[in-house]
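Hello,

Here is the structure I promised to pass on.

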Amino acid sequence: MYPEADFLPVSGMQHMIYCPRQCGLIHVDREWEENRFTAEGRVLHERVDKGGEQEKSGVRLCYAMPLKSLSLGLFGVADCVEFHKIEKEIWQPVPVEYKRGKPKLIEADRVQLCAQAICLEEMLHTEIREGFLFYASPRRRETVPFDAALRELTRQTAMEYHAMMESGVLPKARYRKDRCDRCSLFDICQPKAKSAKLWLQKRLSEDLT
Amino acid sequence: MKPLQNILYITKPGAYLSKERETIRIRLEEGPDMKIPIHGISGIVCFGTVGMSPWLMGFCAERNVAVTFLTDTGRFLAKVHGPLHGNVLLRRAQYRAADIADKSGTLAAAFVAGKLYNCRQALLRCIRDHGETPALRETEKLLSDRIRKLTSIEDCDTARGMEGDAARSYFSAFPDLIRKDDPAFAFSGRNRRPPKDAVNALLSLFYTLLVHDVRSALETVGLDSAVGFLHKDRPGRPSLALDMMEELRPVFCDRLTVSLINREQVRASDFLTNPDSGAVTLEDEARKRVLAAWQKMKQETLTHPFTDEKIAKGLIPFIQARLLARHLRGDLDGYPPFLWR
């Protein structure tokens with residue numbers, strides 16, 4: 001159980017899965033650079049961030065719902081939580097997360113959604129078996145079952161996230177083509193950087209001869 | 001790398017700046033109002049009696065736009081500061097490093113090495129273009145010798161001593177960089193408060209502009225611009241900005257001063273001498289021209305020697321600040337000063 005003072009934003013979970021250093025840059029070093037991908041994500045969220053509720057055909061939609069979990073030590077806001085009417089006075093919560101682009105191979109989006117589900121389970125004393133990821137292109141909903149493996153990965157990620165924030169030490173950069181080239185923090189992270197010490201000595205001695 | 005944004009210089013006396021939605025509205029004493037979108041502006045520098053609404057100040061703070069007020073001669077008055085940026089762990093690391101003798105000594109030596117290297121590049125450029133003079137050759141030798149020694153130095157006082165030495169020699173050779181044979185551009189060493197000749201007036205103006213840029217760059221990455229390594233702490237002094245200025249002066253200020261004079265972009269008639277104080281300042285229209293030249297210089301592109309990125313020259317302070325922050329946080333094994341090609 002984490003005290004509320006140590007809660008971390010749930011949005012960091014997807015960064016942690018994508019790249020722990022990216023997570024450190026954003027959440028420890030407070031860096032943020034916008035690029036096309038982040039701008040698209042921001043625009044996509046403008047509707048859901050307005051909040052509010054609506055109900056249609058047995059489904060109640062709750063936008064921008066605040067979340068927290070003592071066991072994961074996380075807080076945040078769900079894009080949308082759907083409450084499906086199962087029977088009279090019994091509503092099943094289902095988290096929905098909006099994402100730009102197409103379904104991704106890495107687990108980042110699923111882990112973030114699972115963390116939201118665990119928050120909801122704690123808050124509403126219920127059990128949630130699945131949630132949805134809504135991808136903007138193609139406009140498609142993906143069902144995410146919250147199985148044991150995904151829950152375990154989510155808990156593990158939350159622990160590593162807390163350990164990194166506690167130490168304040170950024171994980172070392174490691175260049176990975178599939179992730180680094182589309183990361184908006186590439187120039188700040190400099191995954192291809194060399195030793196500054198050796199570079200300086202070399203340049204100063206070579207250029208003076 | 002993030003795009004180089006523009007700095008808005010307001011030099012019209014009596015101008016008043018306010019916020020209108022996402023734009024900066026500039027009201028002048030005569031003529032129509034102007035509106036400039038804040039998007040694409042990274043700083044506002046106001047000279048003399050220029051006013052600004054608190055709403056615009058707050059908006060600038062929120063958007064990370066640096067606002068600085070200077071007197072009409074370019075002396076620093078005040079800077080508008082929003083909430084502190086960046087990481088408290090970084091500032092703590094900076095303070096700790098400043099208290100460790102060999103760590104701050106190594107950093108001081110790196111700043112000085114960068115400075116002497118770039119001063120030497122300025123001399124070599126001149127030798128290459130116009131042939132050598134005894135003063136240029138002699139200073140070049142002295143600088144080379146000091147740079148070699150600096151790689152193994154770990155104490156601030158030695159670094160400071162070398163910096164002082166080298167700066168004297170560099171400024172004694174500086175007149176040889178000026179190819180214009182006009183007594184108006186004679187130069188016999190640095191003087192300021194006030195600058196007493198045209199060359200010093202230009203150098204002082206550019207140093208003020210560079211301090212502004214370096215300071216915003218340091219604060220943007222979350223460093224405390226007042227806690228330096230080469231320059232000791234002194235209340236009110238942006239010591240870290242002055243540290244980082246050392247390596248950038250030859251690249252930004254000295255070079256531009258020399259080329260403005262050599263290319264006759266400034267003339268003797270552009271300067272005014274105050275009969276009482278002897279202070280030399282730029283006349284209004286010429287100052288506008290000189291500020292435009294400064295902005296244009298910052299748009300030149302080059303390849304950063306350490307990161308190998310192609311960038312606008314104006315982003316150098318920002319990249320150096322970032323590299324320093326990374327070093328202080330233990331993410332990079334040293335601080336690579338900007339070495340000018």
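Arg21(A) touches residues of both chains: leaving out residues up to four places away in sequence, its contacts (heavy atoms within 4.5 Å) are Leu170(A), Pro171(A), Lys172(A), Ala173(A) and Cys189(A), plus Arg326(B) and Asp331(B). Arg21(A) sits in helix 2 of chain A, residues 20-27; helices (H or I, at least four residues) and strands (E, at least two) are DSSP runs, numbered from the N terminus. With a relative accessibility of 3%, Arg21(A) counts as buried, where buried means under 20% relative accessible area, exposed over 50% and partly exposed in between (1.4 Å probe, protein chains only). A polar atom of the Arg21(A) side chain also lies 3.2 Å from the backbone oxygen of Cys189(A).

Before you go further, please note that this is a predicted model, in which local features need pLDDT of at least 70 and side-chain atom pairs count only at pLDDT 80 or more, while totals for chains, interfaces and linings use all residues. Residues are numbered from 1 along each chain as its sequence is written, chains are lettered from A and ligands numbered from 1 in the order in which they are written, and side-chain values use heavy atoms, with hydrogens and water left out.

As for chain A overall, it has eight helices and seven strands. Of its 209 residues, 48% are buried. Among the chain A contacts with a separation of 6 or more, 61% are between residues 24 or more positions apart. The accessible surface of chain A is about 11,200 Å², with 55% belonging to carbon and sulfur atoms (Shrake-Rupley method, 1.4 Å probe).

Now to chain B. An unreviewed UniProt entry places the feature "binding site" at Glu163(B), His231(B) and Glu246(B); positions are in the numbering used here, feature names are shortened, and annotations may be inferred rather than shown by experiment. These residues are spread over 84 residues of sequence yet cluster in space, the largest C-alpha distance being 11.4 Å.

His231(B) is in the loop between helix 6 (198-220) and helix 7 (239-262) of chain B, and is buried at 17% relative accessibility. Its side chain makes a polar contact of 2.7 Å with that of Asp243(B) (a pair of N or O atoms within 3.5 Å; within protein, one must be able to donate a hydrogen and the other to accept it, and residues adjacent in sequence count only if both atoms are side-chain atoms).

Glu246(B) belongs to helix 7 of chain B and is buried at 4%. Its side chain is joined to that of Lys115(B) by a polar contact of 2.7 Å, and Glu246(B) is in contact with residues including Glu163(B) and His231(B).

Best wishes
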